[in-house]
Amino acid sequence: MDRTPGKLGKLAAVRPHGIDDLAYYTVGHLAPPPPEVASPVIAAWGMMDNDRFGCCTISGAGHLIQAANVEVHGLDVVPDDDQIQKQYFAITGGADSGAVEVDVLRTWFNQGLFGSNKIAAFAPVRVGNPLNIHSAVALFGSCYIGVSLPGSAMQQFSQGKPWAITPHDQIEGGHCVTIVGYDATYLYAVTWGQLQPITYPWFAKYCDEAWAVIPQSFAEAGHNAGIIDIPHLRSDLLLLSST
């Protein structure tokens, strides 16, 4: 199993005006999430070109699509490296400069990624309480997050160890990962083609943004879609697209 870290490429977090947190769009009282959600069983997550380019924001979207397809359709369908690369450079204008997560999400909502794959909606999730991340994963199978990655995380990844706080660490840059499961001890993220455990103290220190993404397949299949007022959320997102 190759656990060579790839590249970073998440630019500074941006929160656009006019969109509320996911909790605002819930219908009635949102029940507490289950104590754990198992990660989907996937033979190979794939590096998705994040070893060659700083395309983690696009690779993270690819991993989210992979998880959603397995959950809803039982099919391990993923974008290939050529699709990842083309989409990345379309968003950056041709430079290997990294990308802003919300720019990727807005493109995904308005135009679709990888040709035609649109999402039904997306919304910010407050990172101060991990139960918010749990809710996003329990409702929609994943949570698209951004972290300020310390140097020790790359070494821990290489060694197959969880991301845990190391004193006096230096930040190497921003990184996008997709949370696909959790339990009482760890959040489980997909990055650089592997499932990576994250301790809760590490998450609290280094996560700087999180987004609930509602795949079109979840909305069409009715997977917890009734819990969120999707028409209201979509109307706010459409207003964003006109600014």
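These legends walk through several close-up views of a predicted model.

**View 1. The whole chain, before zooming in.** Start with the parts list: eight helices and six strands. Going along the sequence, they come in the order α-α-α-β-α-β-α-β-β-β-α-β-α-α. The radius of gyration is 17 Å, close to the 18 Å that the globule rule gives for 243 residues, so the chain is as compact as a globular protein of that length. Along its principal axes, the C-alpha trace spans about 45 × 40 × 35 Å. Buried residues make up 53% of the 243.

**View 2. The nonpolar cores.** The largest nonpolar core has 70 residues. Within this core, the residues touching the most other members are W108, I133, I145, W163, I179, I228 and L233. Pick out I133 and, leaving aside its neighbours within four places in sequence, you'll find it in contact with V125, C143, I179, L187, F203 and A210. There is also a second, separate core of five residues, with W45, A67, V180 and V190 among them. As a general background point, nonpolar side chains tend to be buried together in soluble globular proteins.

**View 3. T57 in helix α1.** This residue belongs to α1, which covers residues 56-73. Is T57 buried or exposed? Its relative accessible area is 0%, so T57 counts as buried. Who is around it? Skipping neighbours within four places in sequence, T57 contacts G9, K10, A99, E101, V104, Y144 and C176. Two of these partners, E101 and V104, show up again in the next view.

**View 4. Helix α3, mostly under cover.** Helix α3 runs over residues 101-110, and seven of its ten residues are buried. Those buried residues are E101, V102, V104, L105, T107, W108 and F109. W108 is also one of the residues that touch the most other members of the largest nonpolar core. After the helix comes G112, with a positive phi near 90°.

View 5. Find V127 in the loop between β1 (119-124) and α4 (130-140). With a relative accessible area of 27%, V127 is partly exposed. V127 and E209 are 82 residues apart along the chain, yet their C-alpha atoms are separated by 6.5 Å. Not counting residues up to four places away in sequence, V127 touches F203, C207, E209 and A210. F203 and A210 are also on the contact list of I133.

View 6. D49 isn't a glycine, but its phi is positive, about 65°. You'll find D49 in the segment before α1. Its relative accessible area is 3%, so D49 is buried. Now turn to H168, another residue other than glycine with a positive phi, this one near 60°. H168 lies in the loop between α5 (151-158) and β3 (171-182). How does H168 count, buried or exposed? At 80% relative accessibility, H168 counts as exposed.

Methods
Residues are numbered from 1 along each chain as its sequence is written. Side-chain values use heavy atoms; hydrogens and water are left out. Helices (H or I, at least four residues) and strands (E, at least two) are DSSP runs, numbered from the N terminus. The radius of gyration is taken over C-alpha atoms; the globule rule is 2.2 Å times the number of residues to the power 0.38. Buried means under 20% relative accessible area, exposed over 50%, partly exposed in between (1.4 Å probe, protein chains only). Contact means heavy atoms within 4.5 Å. A nonpolar core is a set of buried Ala, Val, Leu, Ile, Met, Phe, Trp, Tyr and Cys residues joined through side-chain atoms within 4.5 Å.
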